[in-house]
Amino acid sequence: MITRLCISAAAVALTLTSALAAPENRLRNGSFEGGTLYWHQIDPKKDTLVRDGAVGEFALRIAKGNVMSAPFVAERGQPMTVSFFVKGEQPGRVGVQMPPSAREPGTKAKRLWMREAEQGAEIGTEWKRVSFTWLADVPPDGIWPNPHYLVQIGGHDKPILIDGVTVTLGKEGTPAYVPRRG
Ligand SMILES: [Ca+2]
């Protein structure tokens with residue numbers, strides 16, 4: 001009886017530790033189940049919800065160009081990682097940027113619309129989880145005092161589907177979607 005109690009207590013402690021260590025998703029609506037709320041640069045002619053989710057029912061199909069997430073709060077100077085599921089309708093490439101949420105400091109720091117700001121991966125026609133890390137190290141600016149960043153994702157003008165977008169503190173990607181708490 002005493003042994004069993006000890007094991008239970010250990011199991012409870014382990015569960016609590018895992019819960020505390022679970023990464024927090026800084027993005028809202030990364031699974032597109034609530035429409036495209038919290039996503040920007042959405043053009044209804046190019047960017048559509050499709051019933052082909054990697055997580056839940058819906059994914060976002062980007063026919064051309066890029067979409068932008070809502071700004072999220074980063075930790076100044078720390079690595080921030082975006083992870084998501086992606087596939088193409090034919091093999092291709094996904095390109096991702098993580099610029100400051102204000103255009104001017106982003107451009108000045110070469111974090112927006114610049115080839116060197118982009119990271120990417122080859123994609124196929126099956127869902128694949130990819131992750132990319134940037135340092136949230138762009139200096140504060142008068143018009144951009146706080147470390148708010150956003151994620152920009154596109155398929156180099158070939159149609160791609162994305163789902164389960166998760167932004168976490170640190171260098172580790174998340175192997176699955178992390179629903180936003182609260
Ligand atoms: Ca989804």
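In what order do the strands of the open sheet that contains β2-β3 stand, and with which pairing? In this predicted model, the 5 strands of that sheet follow the order β2-β3-β12-β6-β9, and their pairing is antiparallel. The edge positions are taken by β2 (47-50) and β9, each of which has a single partner strand, so one side of each is left without a neighbour in the sheet. Direction ignored, neighbouring strands of this sheet are turned against each other by 35 degrees on average.

The chain as a whole contains 2 helices and 12 strands. Read from the N terminus, its elements run α-β-β-β-β-β-β-β-α-β-β-β-β-β. Of the 182 residues in the chain, 34% are buried. Among contacts between residues at least 6 apart in sequence, 78% join residues at least 24 apart.

Within the sheet β2-β3-β12-β6-β9, strand β6 is mostly covered, with 8 of its 10 residues buried. Strand β6 is joined to β9 through 8 bridges in the antiparallel sense, and T81 stands opposite T133 in β9. The pairing of β6 with β12 is likewise antiparallel and comprises 8 bridges; here M80 has L169 of β12 as its bridge partner. Strands β3 and β12 run antiparallel and are joined by 3 bridges, and L60 has I162 in β12 as its bridge partner.

A second open sheet of 5 strands has the order β1-β4-β11-β7-β8, with antiparallel pairing. Its edges are formed by β1 (39-40) and β8 (119-123); each has a single partner strand, so one side of each is left without a neighbour in the sheet. In this sheet, β4 (residues 66-69) pairs with β11 (residues 152-154) in the antiparallel sense over 3 bridges. Residue M68 stands opposite Q152 in β11.

The largest nonpolar core comprises 34 residues, and those with the most contacts inside it are A59, L60, V82, V86, V151, I160 and I162. Two or more residues are given to this core by each of β3 (59-62), β6 (79-88), β7 (92-97), β9 (128-135) and β12 (160-169). With neighbours within four places in sequence left aside, L60 is in contact with F32, T36, D47, L49, V67, L161, I162 and D163.

Several loop residues were examined individually. F32 has a positive phi of about 60 degrees although it is not a glycine. This residue is buried, because 25 other C-beta atoms lie within 10 Å and the criterion for burial is 20 or more. Y38 belongs to the loop between α1 and β1 and has a positive phi of about 75 degrees, although it is not a glycine. With 16 other C-beta atoms within 10 Å, Y38 is partly exposed.

A54 is situated in the loop between β2 and β3 and counts as buried, with 21 C-beta neighbours inside 10 Å. Residues up to four places away in sequence not being counted, A54 touches A59, F85, W127, D163 and G164. A59, named here as a contact of A54, is one of the residues with the most contacts inside the largest nonpolar core. A54 and K128 are separated by 74 residues in sequence, whereas their C-alpha atoms are 9.2 Å apart in space.

G124 lies in the loop between β8 and β9. This glycine counts as exposed, since it has 12 C-beta neighbours inside 10 Å and the criterion for exposure is 12 or fewer. Beyond its neighbours within four places in sequence, G124 is in contact with K87, G88 and P91. G124 and E89 are 35 residues apart in sequence and, C-alpha to C-alpha, 7.8 Å apart in space.

Definitions and conventions
Residues are numbered from 1 along each chain as its sequence is written. This is a predicted model: local features need pLDDT of at least 70, side-chain atom pairs count only at pLDDT 80 or more; totals for chains, interfaces and linings use all residues. A nonpolar core is a set of buried Ala, Val, Leu, Ile, Met, Phe, Trp, Tyr and Cys residues joined through C-beta atoms within 7 Å. Helices (H or I, at least four residues) and strands (E, at least two) are DSSP runs, numbered from the N terminus. Two residues are in contact if their C-beta atoms, placed from the backbone, lie within 7 Å. Two strands pair if DSSP finds at least two bridges between them. Axes are lines fitted to C-alpha atoms, for helices over the stretch in contact, and angles run from 0 to 180 degrees between N-to-C directions.
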